Amino acid sequence: MSQVLPAELIKTLDKNGQEIKTVGFQRFGFDSEVPIDVLRSLYLRSHYVLSAPVEKVEELDAKAIADHARFTQGLNAYQSKSIYHPDTNTISYTTLSRFPPVKLLPPSERKRILVTGGAGFVGSHLVDRLMLLGHEVTVLDNFFTGSKTTVSHWVGHPNFEMVRHDVVEPFMIECDQIYHLACPASPPHYQFNAVKTVKTSFMGTLNMLGLAKRTKARFLISSTSEVYGDPEVHPQHEDYWGHVNPIGPRACYDEGKRVAETLTYGFHRQDGVDVHVARIFNTYGPRSMYLTLNLDIDVCLPLIVNPHDGRVVSNFIVQALRGEDLTVYGDGKQTRSFQYIHDLIDGLIALMNSDETRPVNIGNGDEFTIGEFAELVREIVEKVQREDGVLPTRRVEIVYKPMPTDDPQRRRPDTTRAKESLGWQPRWTVRMGLEEMVRYYKAKMAEGSI
């Protein structure tokens, strides 16, 4: 078996060059700090391993553990041991050996938290954090874009419950906090059924606000930088009203989120609901979706990953790992800023537990052109491949295709309010986040799930 670098040789450094050992913080009377190694153990290792003849299964399992021990620091005891059989295309599932350790909170500190869209990209990382912190978490998801696999490692835990439910329909539960994240966020998905997207934004938010009003729960809605449209102000601050096309192909999402904010502040002013609005900018990380859209063979919907969407990162990475050319839409000169998922979760938890009721931008101010970002992805994929002894047959190229309709040219947050009100600012560099993502997708491709 090839020798693997010792775990201590791979470290994550923040923007100041300090090693990141934990994520989260203790602020506003809420402790959100957890070890980064424990979080990584939940997503960096394959769900199952490639099989060989039966006598080699243990050898492959040991190799998978070693490959990811550099990041997860040997926390493989909390991993699934399911086995994938490529010759018959079957999977032998098993439950976790034991659940990851969670904090033991006294009842007075343990909160009942509802997360709508909790099986999605952002929601699943939020659920991981809240579970590790020792709270009781209920996930509500209709699995249109979310997946059970993102939170399956918590199924059966006494603090966890997962409910298949569409937020367009009312839902009753007792809770202390509501993170309302439910809504398709990727253009191919929210454009697939534009009417349902608007309905989800309005009716879903109406139902969750009604629940917050009845239970007197804190309410946080995940809004979006799309409320600014194609901005004429740069960077975008929260008092900018936006420049949105109300009848374009993206209006179902842009205007849906704008009306959801309107509804949220209506409940705040009229009924005194404790509300918090997070305007999320481009975010990337493990579990973000590699888009292969198979929704309806009769619907002519081009698979275009718009550069405004954080999922462009996952598509770049998977293309590079497969040896395919990277696809950039437009001339590559349009700029974006990307934040890593752990920074976003820090911001959401801080906002939920703060007294800030105004909208708050949560994003990274480091700006890249899409062309520069594609080159950075290519460089990091090549670095990881070299470290793992994998030599590509050729160097992937960057190809350019026509720009999608209504795609904004510039998008960058002004995060002054988040820094002043929440004491929050991004810690993760784009480079460190990308390397972790490359290893995640490399594992997903090895297990056959992509």
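**Close-up views of a predicted model**

At 5% relative accessibility, Gly229 counts as buried (under 20% relative accessible area; over 50% is exposed, in between is partly exposed; 1.4 Å probe, protein chains only). This is a predicted model in which local features need pLDDT of at least 70 and side-chain atom pairs count only at pLDDT 80 or more, while totals for chains, interfaces and linings use all residues. Residues are numbered from 1 along each chain as its sequence is written, and side-chain values use heavy atoms, leaving out hydrogens and water.

**View A. Gly229 and its setting.** Gly229 sits in the loop between E12 and H6. Helices (H or I, at least four residues) and strands (E, at least two) are DSSP runs, numbered from the N terminus. The C-alpha atoms of Gly229 and Glu255 are separated by 9.3 Å. Along the chain, these two residues are 26 apart.

**View B. The Tyr228–Tyr240 pair.** Tyr228 and Tyr240 form a stacked aromatic pair. Their rings are 6.1 Å centre to centre, with 25° between the planes. Rings of Phe, Tyr and Trp (its six-membered ring) pair if their centres lie within 6.5 Å; planes under 30 degrees apart count as stacked, over 60 as edge-to-face and the rest as tilted. Both residues lie in the loop between strand E12 (218-224) and helix H6 (251-271), so the pair ties together parts that are 12 residues apart in sequence. Tyr228 is buried, at 0% relative accessible area. Tyr240 is buried too, at 11%.

View C. Tyr284 is buried at 0% relative accessible area, and Phe338 at 1%. Tyr284, Phe338, Tyr340, Phe368, Phe373 and Trp428 form one aromatic cluster. The count comes to eight aromatic pairs.

**View D. Helix H5 against helix H6.** The axes of H5 (residues 194-215) and H6 come within 9 Å and cross at roughly 20°. Axes are lines fitted to C-alpha atoms, for helices over the stretch in contact, and angles run from 0 to 180 degrees between N-to-C directions. H5 is therefore roughly parallel to H6 (angles under 35 degrees; over 145 is roughly antiparallel, 65 to 115 roughly perpendicular, the rest oblique). The crossing is right-handed (the near helix is turned clockwise from the far one by less than a right angle; anticlockwise is left-handed). Contact means heavy atoms within 4.5 Å. Contact residues include Phe202, Leu206 and Leu209 of H5 and Val259, Leu263 and Phe267 of H6. By class, the contact has 11 nonpolar, six polar and three charged residues. Ala, Val, Leu, Ile, Met, Phe, Trp, Tyr, Cys and Pro count as nonpolar, Asp, Glu, Lys and Arg as charged, and the others, Gly among them, as polar.

**View E. Helix H9 across helix H11.** The axes of H9 (residues 370-387) and H11 (residues 430-446) come within 10 Å and cross at roughly 55°. The two helices are therefore oblique to each other. H9 passes H11 in a right-handed crossing. Among the contact residues are Phe373, Leu376 and Ile380 in H9 and Leu434, Val438 and Lys442 in H11. This contact has nine nonpolar, no polar and seven charged residues.
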